[in-house]
Each structure stands twice: as structure tokens, then as C-alpha cells.
Amino acid sequence: MNFVESDERQALRKAVYELGKRYGHDYYVRKARENGHTTELWQEAGKLGYLGVNVPEEFGGGGG
């Protein structure tokens, strides 16, 4: 098992972190109190291509 992340994987991790940071804790608390959904976050994550990166490539994912 390889525990060293590639530069590409490190860049993805940083980019996803930055996305999450833009929304932050207060966003989640507000949505939870309103019984709302985090639609904006998921839509942006999808546009950026972050959804499905952990799904094997043979099933249409990113293979991560």
C-alpha cells in the first residue's frame, strides 16, 4: 500500500479544502437550523468535477 500522495492528489485535496472553506461551518449550521439543503455547495462541487473522484474509472468515476 502506498501512503505517499501524488502531486495531483495533493492539489485535488487542497482545491476541495478551499471549496469547503468558502462555505464553512456557519453555512452548515444555518442550513441545519433552517432544515435546508446544501444545494449550492453540491452544485459547485459538481461543476468543478469533484463528485465521483473516489468511484472506479470503469464505473465512470475518477478512480481515486
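Analyst: Helices are DSSP runs of H or I with at least four residues, strands are runs of E with at least two, and both are numbered from the N terminus. The model is predicted, so local features need pLDDT of at least 70 and side-chain atom pairs count only at pLDDT 80 or more, while totals for chains, interfaces and linings use all residues. Residues are numbered from 1 along each chain as its sequence is written, and side-chain values use heavy atoms, with hydrogens and water left out.

User: What makes residues 6–63 a stretch to consider?

Analyst: UniProt lists residues 6–63 for "domain: Acyl-CoA dehydrogenase/oxidase N-terminal", in an unreviewed entry. UniProt positions follow the numbering used here, feature names are shortened, and annotations may be inferred rather than shown by experiment.

User: Why is Y27 called buried?

Analyst: Buried means under 20% relative accessible area, exposed means over 50%, and partly exposed lies in between (1.4 Å probe, protein chains only). The relative accessible area of Y27 is 6%, and Y27 is therefore buried. Y28, at 40%, counts as partly exposed.

User: Which residues make up the largest nonpolar core?

Analyst: The core consists of six residues: L19, Y23, Y27, L41, A45 and Y50. Helix 1 (7–33) and helix 2 (39–47) each supply at least two residues of this core. Helix 1 gives the most, with three residues. The term denotes a set of buried Ala, Val, Leu, Ile, Met, Phe, Trp, Tyr and Cys residues joined through side-chain atoms within 4.5 Å. In soluble globular proteins, nonpolar side chains tend to be buried together.

User: What does Y23 touch beyond its sequence neighbours?

Analyst: With residues up to four places away in sequence not counted, Y23 touches E40, L41 and E44. Contact here means heavy atoms within 4.5 Å.

User: Why is the pair of Y27 and Y28 called edge-to-face?

Analyst: A search of the whole structure finds two aromatic pairs. In one of them, Y27 and Y28 have ring centres 5.5 Å apart and planes at 80 degrees. Rings of Phe, Tyr and Trp (its six-membered ring) pair if their centres lie within 6.5 Å; planes under 30 degrees apart count as stacked, over 60 as edge-to-face and the rest as tilted. The distance therefore qualifies Y27 and Y28 as a pair, and the angle makes the pair edge-to-face. Y23, Y27 and Y28 form one aromatic cluster.

User: How do you know that K31 and E40 meet in a salt bridge?

Analyst: A salt bridge is a side-chain nitrogen of Lys or Arg within 4 Å of a carboxyl oxygen of Asp or Glu. For K31 and E40 the N to O distance is 3.4 Å, and the pair therefore meets the rule. K31 is buried at 13% relative accessibility, whereas E40 is partly exposed at 36%. Salt bridges that share partners also join E5, R9 and R13 into one network. K31 lies in helix 1. Leaving aside neighbours within four places in sequence, K31 is in contact with G36, H37, T38 and E40.

User: How many salt bridges does the rule give?

Analyst: The count comes to five. Among them is the bridge between R13 and E5, at 2.4 Å, N to O. R13 counts as partly exposed at 49% relative accessibility, and E5 is likewise partly exposed, at 27%. Another joins E18 and K21, at 3.4 Å, N to O. E18 and K21 both lie in helix 1, three residues apart, about one turn of the helix.

User: What makes the link between T38 and W42 a polar contact?

Analyst: The side chains of T38 and W42 are joined at 3.1 Å. A polar contact is a pair of N or O atoms within 3.5 Å; within protein, one must be able to donate a hydrogen and the other to accept it, and residues adjacent in sequence count only if both atoms are side-chain atoms. T38 lies in the loop between helix 1 and helix 2, and at 19% relative accessibility T38 counts as buried.

User: Why is N35 called exposed?

Analyst: N35 has a relative accessible area of 68%, and N35 is therefore exposed. The residue sits in the loop between helix 1 and helix 2. Phi of N35 is near 55 degrees, a positive value in a residue other than glycine.
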